[in-house]
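Here is a short report on one protein model. Take a look at the structure first, then read on.

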Amino acid sequence: MAKIKIDMTLEQLKQLITDLGYENVRVFDDYDYADAFIGMSDDGRAVYSYDRMAEWLMLKENWTYEEAVEWIDYNTMRALPYYPDGPVVVYDVPEYMKEDYDKEEETGEDKTEDETEIH
């Protein structure tokens with residue numbers, strides 16, 4: 001999981017998006033997840049990292065990971081379909097999967113579908 005600290009305010013996030021050249025971008029504001037913002041989509045929507053959103057809630061509310069993802073899934077993700085121009089949430093690739101590809105590169109061997117491990 002990414003290591004973040006809570007130091008960006010909602011107003012600072014909105015200013016950053018404006019400075020990037022975007023206007024009238026819908027961002028999260030109930031919980032603003034400002035430090036989980038990672039960029040903009042090609043259609044001008046704010047993009048957030050799911051893992052960073054969870055970590056932000058863990059730091060802000062002193063919640064466990066399970067409590068944080070339960071909140072996000074129930075209160076945030078379920079609402080997104082009702083906002084066609086709403087933020088985009090991306091799921092980070094787990095570190096263990098990246099490590100598997102790093103090992104392939106080192107050895108020069110590709111794993112077949114049967115050899116791929118499920119963690």
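## Two crossing helices

Axes here are lines fitted to C-alpha atoms, for helices over the stretch in contact, and angles run from 0 to 180 degrees between N-to-C directions. The model is predicted.

Start with helix H2, residues 50–61, and helix H3, residues 65–76. Their axes come within 8 Å. They cross at roughly 115°. The crossing of H2 and H3 is right-handed.

Which residues meet? H2 brings Tyr50, Asp51, Met53, Ala54, Leu57 and Met58. H3 brings Tyr65, Ala68, Val69, Trp71, Ile72, Asp73 and Thr76. By class, this contact of H2 with H3 has 10 nonpolar, one polar and two charged residues.

## The largest pocket

The largest pocket has a volume of about 270 Å³. It is lined by 15 residues. Closest to its centre are Phe28, Asp29, Asp30, Ala79 and Tyr83.

## Salt bridges

How many salt bridges does a search of the whole structure find? The search finds two.

Note on methods: Residues numbered from 1 in each chain as written. Predicted model: local features only at pLDDT ≥ 70, side-chain atom pairs only at ≥ 80, totals over all residues. Heavy atoms only, no water. Helix = DSSP H or I, 4+ residues; strand = E, 2+ residues; numbered from the N terminus. Left-handed = near helix turned anticlockwise from the far one by under 90°. Contact = heavy atoms within 4.5 Å. Nonpolar A, V, L, I, M, F, W, Y, C, P; charged D, E, K, R; others polar. 1 Å grid on protein atoms, 1.4 Å probe; cavity = no way out; pocket = protein on both sides within 12 Å on 5 of 7 lines; lining within 4 Å. Points joined across faces, edges and corners; volume = space filled by probe spheres on them. Salt bridge = Lys/Arg side-chain N within 4 Å of Asp/Glu carboxyl O.
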